[in-house]
Amino acid sequence: MPPPPGPLVEDITRDPREAEDWFRRLPPGVQETTQAAWRAERECASVWDARCRAPRRRSVAEGAGLLAVAIVLAAKWHPWTRLVVLVVAALGVGAAIGWTAERFGLGRAGCCILGGLAAVTLHATLGHAHVGYAMVAASCASLLFMAWGIRRESRSFVGAE
């Protein structure tokens, strides 16, 4: 009786196109050249993915930090429990703004508008209902996010991203 077959392990070094009939009909030299081109294509794609992930992570972290700082600057008279809720919410909303800014390539105007609207919304829903706090938060967030948008624009012109 033959031994039971081992677990099926997929060979990740082989391209699935190598098993196709048209590829097997190619001469050996052309097969090697094609395999080398496919290998280079996979390596280039993996390098590009790694280069794209770093700015995305940085934008999410920067957006979260900026909105949290704006909320803390504007929430001078909040009780500490409400401030903690505001900061936690600001981290989540700021991360979403950072992702959006990176995904859609927002500049100073887009970042300024999103940051101001997020600060007003957070203060209106979770903070005091006082209009003054919401406006101070919107002003702080708009200025911080505008500066961030200007820095994003300058990095894209220089080619650092």
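Q: What should I know about the model before I start?
A: It is a predicted model, where local features need pLDDT of at least 70, side-chain atom pairs count only at pLDDT 80 or more, and totals for chains, interfaces and linings use all residues. Residues are numbered from 1 along each chain as its sequence is written, and side-chain values use heavy atoms, with hydrogens and water left out.

Q: What is the mean pLDDT of the chain?
A: pLDDT is the predictor's confidence in each residue, from 0 to 100. Here the chain has a mean of 76, and 76% of its residues reach 70 or more.

Q: How many helices and strands does the chain have?
A: Helices (H or I, at least four residues) and strands (E, at least two) are DSSP runs, numbered from the N terminus. This chain has five helices and zero strands.

Q: Is Val-84 buried, partly exposed or exposed?
A: Buried means under 20% relative accessible area, exposed over 50%, and partly exposed in between (1.4 Å probe, protein chains only). Val-84, in helix α3 (residues 80–104), counts as partly exposed because its relative accessibility is 44%. Across the chain, 30% of the 161 residues count as buried.

Q: What share of the contacts joins residues at least 24 apart?
A: A contact means heavy atoms within 4.5 Å. Among contacts in the chain between residues at least 6 apart in sequence, the share is 71%.
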